[in-house]
Amino acid sequence: MKIICTQENLKTGLSIIGKVLSSTNTLPILNNVLMKTEHGVLKLSSTNLELAISTQVRCKVEEDGGITVVGKTLGDLVNNLPNQNTTIQTSGTELSLEVGNYHTSIKTMPADEFPLIPVVSDGQSFSLEAQELKNSMDQVAFAASNNQTQPEISGVLFAVSGGILKIVATDRYRLAEKKIELKNYSGTDLEAIVPQKTVVEISRIIGGQKGLLDVVVSSTQAMFSFNNTEVVSRLVDGQYPDYQQIIPSSFQISAVLDKSLLVGALKTTSVFSRAVSYTH
């Protein structure tokens, strides 16, 4: 493999997939990033077997190939390189990077040892604006439970019915629900529990970018595609609780408030909501 790309493009690509990497992985290959040329671009992938992220990096491909390299080492190195064109090539079991007066070699592992990243193509699909999804997930995901003994509520529910997408999270003490109208949706009803970590990662990847985001949901996995990046996640196995039973159908009192004033009051009074221990 031999490619030439800018340090900025490579840095951006590694930052997209880097959050999946963890030093606590029991399999050494899961600490690595897969670098593979594909259709004239460089494809970067990482996975922890529960969540996988792949993104494309624009570059000049002079020789096709693929290799895996320790993600943290590569990321730290690229972050400290000058913002110039970087030449990356493989020789045997080593990956070399050259830019300006810098020359570095890193040990690698074969690409065929990297876990296969699934492609979710058989399932229900829909599309929506990325920013609309991001804002909705940010408004809901905080309410998901951190208790892994109840896995069904440790994730975020994505439910589509009648052309309406409902995003729901609860920890049995609080509940958040957001409704989004899906345009031109012709599929059947569906329910899928997406891990909270996946939701957080998708929101991070979207950031301030705009565009259409595609979602495909199968019986065990979901894939989110946006701007040359794909996130594939296992779904949480289980039945989400019937939360709608606890939502009141009517209210005796309602009020309209200025949001900024309410937020300010809540921040002020929350100073006194901290746990206090008493000695008897």
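Mentor: A crossing of two helices counts as left-handed if the near helix is turned anticlockwise from the far one by less than a right angle, and as right-handed if clockwise. The model above is predicted: local features need pLDDT of at least 70 and side-chain atom pairs count only at pLDDT 80 or more, while totals for chains, interfaces and linings use all residues. Residues are numbered from 1 along each chain as its sequence is written, and side-chain values use heavy atoms, with hydrogens and water left out.

Trainee: Does helix 1 pass helix 2 in a left-handed or a right-handed crossing?

Mentor: Helices (DSSP runs of H or I, at least four residues) and strands (E, at least two) are numbered from the N terminus. Helix 1 and helix 2, residues 71-79, pack at about 145 degrees with their axes 10 Å apart, where axes are lines fitted to C-alpha atoms, for helices over the stretch in contact, and angles run from 0 to 180 degrees between N-to-C directions. The crossing of helix 1 with helix 2 is left-handed.

Trainee: Which residues of helix 2 make the contact with helix 1?

Mentor: Contact means heavy atoms within 4.5 Å, and on the side of helix 1 it is made by Q7, L10, K11 and L14. The residues of this contact divide into four nonpolar, three polar and one charged, where Ala, Val, Leu, Ile, Met, Phe, Trp, Tyr, Cys and Pro count as nonpolar, Asp, Glu, Lys and Arg as charged, and the others, Gly among them, as polar. From helix 2 come L74, G75, V78 and N79.

Trainee: In the open sheet of eight strands, which are the edge strands?

Mentor: The order is 6-2-3-4-17-16-15-10, with antiparallel pairing; two strands pair if DSSP finds at least two bridges between them. An edge strand pairs on one side only, and this holds for strand 6 (66-70) and strand 10 (124-129).

Trainee: Which strands does helix 2 touch as it packs on the sheet?

Mentor: Within the sheet, the twist averages 20 degrees from one strand to the next. Helix 1 packs on this sheet by touching strand 2, strand 3, strand 4 and strand 17, and its direction makes about 170 degrees with that of strand 4. Helix 2 also packs on the sheet, at about 85 degrees to the direction of strand 6, and the strands touched by helix 2 are strand 2 and strand 6.

Trainee: Which element supplies the largest share of the lining of the largest pocket?

Mentor: On a 1 Å grid over the protein atoms alone, a pocket is an open set of points with protein on both sides within 12 Å along at least five of seven lines, a cavity is a set where a 1.4 Å probe fits but cannot get out, and lining residues have an atom within 4 Å of a point. The largest pocket holds about 360 Å³ of space, and T12, Q56, R58, N227 and N228 lie nearest its centre among 16 lining residues. The lining includes nine polar residues, and its largest share, five residues, comes from helix 1.

Trainee: What volume does the largest cavity have?

Mentor: The lining of this cavity includes I202, F224 and V231, and its residues divide into seven nonpolar, two polar and no charged. A volume is the space filled by probe spheres set on the grid points, which are joined across faces, edges and corners. For the largest cavity, that volume is about 60 Å³.
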